[in-house]
Amino acid sequence: MIDWVETTSIGTFKSEDLTKPGIVFRYNRYLYRTSGKHLANGGMGAVYELERRDDDTGAVEAVVGKGFHSNYLSQLRTDEVTRRDHHNNLAAMARIAAIEHPNILPTYVSAPIADNYLFVTPRMGMTLLEAIPKHNLTPRSRTKLLVQALEGLATLHAARLIHRDFTLRNILVDDGANVAYVFDFD
């Protein structure tokens, strides 16, 4: 049995801890544990596999954690325009995290850590672009998923938020390719 004893606080958690298995931190009523498994790199950050455990039920679910690339953080220290854009993005992320909609990927953690900023969301199966060939999605199924994502996008727009990178790569679908979620807001 793997231990769920808190080994660090979120305030002392570092981005390099995402690369190490077995680091456990608390955020609200959940414990989060790193696996050390790197999943992907995006334009602004790297994504790692984690797990989270609910204190109330003990249920464990797969989640992903994302932190910013070090070169981006370095640019924040030296470029005023990047710093201002970053501040605006963090404010928008906080607003997005407060929105509950069935087609917007929930944000479980959006918090500063010792040397970076950490975002944690549920782990989904794949992007809509990947799901099309894998699930041999019919035009009707593709349209249904796209409309779901557009409903999430419309909710963002109603909250006066603009995604700025809405593509099939930024729509996640569940394992059965039945539900679509807009994501990648940074």
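Helices are DSSP runs of H or I with at least four residues, numbered from the N terminus. H86 sits in one of them, helix α2. The model shown in these views is predicted.

**View 1. Helix α2 and its buried face.** Helix α2 covers residues 80–97. Its 18 residues should span 26 Å at 1.5 Å a residue, and the end C-alpha atoms are 26 Å apart, so the two values agree. T82, H86, N89, L90, M93 and I96 are buried in α2. Down the helix axis, these buried residues fall within an arc of 120 degrees, so they line one face of α2. V81 and H87 are exposed on the other side of α2. The cover over the buried residues includes two helices, α1 (70–78) and α4 (139–158). It also includes the strands β4 (60–68), β5 (109–112) and β6 (117–122).

**View 2. H86 within α2.** H86 belongs to helix α2. Its relative accessibility is 12%, which is why H86 counts as buried; the cut-off for buried is under 20%. Beyond its neighbours within four places in sequence, H86 is in contact with F68, Y72 and L76.

View 3. Helix α4 has 20 residues. From first C-alpha to last, α4 reaches 28 Å, close to the 28 Å expected at 1.5 Å a residue. L145, Q148, A149, G152, L153 and L156 are buried in α4. They cover an arc of only 140 degrees around the axis, so they lie on the same side of α4. P139, R140 and A158 are exposed on the other side of α4. The buried residues of α4 pack against α2, α3, β8 and β9.

**View 4. The largest nonpolar core.** This core holds 18 residues. L128, L137, L145, L156, V173 and A180 touch the most other members. Helices α3 (128–134) and α4 each supply at least two residues of this core, as do strands β8 (171–173) and β9 (180–182). The largest share, four residues, comes from α4. A second, separate core has 16 residues, among them I10, Y32, A46 and V109.

**View 5. Contacts of V173.** V173 is among the residues that touch the most other members of the largest nonpolar core. Leaving out residues up to four places away in sequence, V173 touches M124, G125, M126, T127, L128, A131, L145, V179 and A180. Of these contacts, L128, L145 and A180 are also listed with V173 among the core residues that touch the most other members.

**View 6. The second largest pocket.** The volume of this pocket is about 160 Å³. It is lined by 13 residues, and those closest to its centre are S15, E16, F68, H69 and N116. Strands β3 (45–54) and β4 and helix α1 each supply at least two lining residues. F68, one of the residues closest to the pocket centre, is also a contact of H86.

View 7. D3 is found in the segment before β1 (24–27). D3 counts as exposed because its relative accessibility is 52%, and the cut-off for exposed is over 50%. Beyond its neighbours within four places in sequence, D3 is in contact with V24 and R33. D3 and V24 are 21 residues apart along the chain, and their C-alpha atoms are separated by 9.0 Å.

**View 8. A59 in the loop between β3 and β4.** A59 lies in the loop that joins these two strands. At 46% relative accessibility, A59 counts as partly exposed. A59 touches R52, R53 and D54, not counting residues up to four places away in sequence. Y30 is 29 residues from A59 in sequence, and the two are 9.9 Å apart, C-alpha to C-alpha.

View 9. Most residues other than glycine have a negative phi. N136 has a positive phi, near 45 degrees. N136 is in the loop between α3 and α4, and its relative accessibility of 65% makes it exposed. R160 also has a positive phi, near 65 degrees. With a relative accessible area of 75%, R160 is exposed.

Notes
Residues are numbered from 1 along each chain as its sequence is written. This is a predicted model: local features need pLDDT of at least 70, side-chain atom pairs count only at pLDDT 80 or more; totals for chains, interfaces and linings use all residues. Side-chain values use heavy atoms; hydrogens and water are left out. The expected span of a helix is 1.5 Å times one less than its number of residues. Buried means under 20% relative accessible area, exposed over 50%, partly exposed in between (1.4 Å probe, protein chains only). The arc is that of the directions from the helix axis to the C-beta atoms. Contact means heavy atoms within 4.5 Å. A nonpolar core is a set of buried Ala, Val, Leu, Ile, Met, Phe, Trp, Tyr and Cys residues joined through side-chain atoms within 4.5 Å. On a 1 Å grid over the protein atoms alone, a cavity is a set of points where a 1.4 Å probe fits but cannot get out, and a pocket is an open set with protein on both sides within 12 Å along at least five of seven lines; lining residues have an atom within 4 Å of a point. Grid points are joined across faces, edges and corners, and a volume is the space filled by probe spheres set on the points.
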